[in-house]
Structure formats: C-alpha cells, structure tokens
Amino acid sequence: MREKARERCSEQVQDFTKCCKDSGVLMVVKCQKENSALKECLTAYYNDPVFYEECKMEYLKEREEFRRTGIPSKRRLQKLPTST
C-alpha cells in the first residue's frame with residue numbers, strides 16, 4: 001500500500017528528495033514545506049477506502065498465487081535464466 005501511494009505521489013516524493021539532496025544536514029529545517037506536502041498526499045491515499053480496497057484485492061490475488069505456486073511474486077516477476 002505504501003509503495004503504491006508513493007508511486008501516485010511521485011511529484012511530491014521527487015520534490016522532497018531534491019530538497020533533501022540540495023539542503024544536506026539542514027534538510028530538517030529547509031524541507032518542511034515539501035515534507036508536509038508529501039505527508040498530505042500519502043495520508044489522503046491511506047485514508048481513501050477505494051484505494052484501500054484496491055490494494056487489498058491486489059494483495060489477496062498475490063497471496064492466492066503464492067499459495068498455488070509456492071513462488072513469491074517478486075521471484076515470478078524476475079526473468080528466467082536462459083542457456084545460450
């Protein structure tokens with residue numbers, strides 16, 4: 001759920017990341033505006049019942065597939081080695 005929300009808030013994530021890189025040690029003070037915008041965006045998705053249901057259904061499908069195959073989804077998405 002967190003990763004999907006971060007993808008949907010990619011603009012705020014990029015702004016916050018850029019601010020942190022530019023500010024160095026002073027990022028705690030200088031990047032408050034960007035941090036607040038990122039938190040607002042993420043919280044909006046976390047509190048959205050439609051987004052929650054979407055993530056829940058995706059999780060249940062992945063769990064069902066794992067129970068059927070015994071292979072975690074991350075491994076299934078990797079390319080199979082070829083013998084050439």
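Me: What share of the 84 residues in the protein chain is buried?
Reply: This is a predicted model. A residue counts as buried when its relative accessible area is under 20%. In the protein chain of 84 residues, the buried share is 15%.

Me: How much of the accessible surface of the protein chain belongs to carbon and sulfur atoms?
Reply: The accessible surface of the chain comes to about 7300 Å². The part that belongs to carbon and sulfur atoms is 53%.

Me: Which pattern does the protein chain follow along the sequence?
Reply: Start with the secondary structure. The chain has 6 helices and 0 strands. Read along the sequence, the pattern is α-α-α-α-α-α.

Me: What percentage of contacts between residues at least 6 apart in sequence join residues at least 24 apart?
Reply: Take the contacts in the protein chain whose residues are at least 6 apart in sequence. Some of these join residues at least 24 apart, and their share is 57%.

Me: Is H2 roughly parallel or roughly antiparallel to H4?
Reply: Helix H2 spans residues 10–23, and helix H4 spans residues 32–46. Their axes lie 9 Å apart, and the helices pack at an angle of about 155°. Angles over 145 degrees count as roughly antiparallel. So H2 and H4 are roughly antiparallel.

Me: Is the crossing of H2 and H4 left-handed or right-handed?
Reply: Look at how H2 passes H4. The crossing is left-handed.
The contact uses Gln12, Val13, Asp15, Phe16 and Cys19 from H2. From H4 come Glu34, Asn35, Ala37, Leu38 and Cys41. To return to the term asked for, H2 passes H4 in a crossing that is left-handed.

Me: Is Leu38 buried or exposed?
Reply: Leu38 sits in helix H4. Its relative accessibility is 8%. The cut-off for burial is under 20%. Leu38 therefore counts as buried.

Me: Which residues does Leu38 touch, not counting those up to four places away in sequence?
Reply: Leu38 and Glu11 are 27 residues apart in sequence, yet their C-alpha atoms are 8.7 Å apart in space. Beyond four places in sequence, Leu38 touches Cys9, Gln12, Val13 and Phe16.

Me: Why does Ser23 count as buried rather than exposed?
Reply: Ser23 is placed in helix H2. Beyond four places in sequence, Ser23 touches Lys30 and Cys31. Buried means a relative accessible area under 20%. Ser23 is buried because its relative accessible area is 15%.

Me: What is the relative accessible area of Arg6?
Reply: Arg6 lies in helix H1, residues 2–8. Leaving aside neighbours within four places in sequence, Arg6 is in contact with Val13 and Leu42. Arg6 is partly exposed, and its relative accessible area is 37%.

Me: What separates the C-alpha atoms of Arg6 and Tyr45?
Reply: Along the chain, Arg6 and Tyr45 are 39 residues apart.

Me: How many Å apart in space are Glu62 and Pro72, C-alpha to C-alpha?
Reply: Glu62 lies in helix H5, residues 49–69. At 35% relative accessibility, Glu62 is partly exposed. Glu62 and Pro72 are 10 residues apart in sequence. C-alpha to C-alpha, the distance between Glu62 and Pro72 is 8.2 Å.

Conventions. Residues numbered from 1 in each chain as written. Predicted model: local features only at pLDDT ≥ 70, side-chain atom pairs only at ≥ 80, totals over all residues. Heavy atoms only, no water. Axes fitted to C-alpha atoms, helices over the stretch in contact; angles between N-to-C directions. Helix = DSSP H or I, 4+ residues; strand = E, 2+ residues; numbered from the N terminus. Parallel < 35°, antiparallel > 145°, perpendicular 65-115°, else oblique. Left-handed = near helix turned anticlockwise from the far one by under 90°. Contact = heavy atoms within 4.5 Å. Buried < 20%, exposed > 50% of the residue type's maximum accessible area, 1.4 Å probe, protein only. Areas by Shrake-Rupley, 256 points an atom, 1.4 Å probe, with all protein chains shown as cover.
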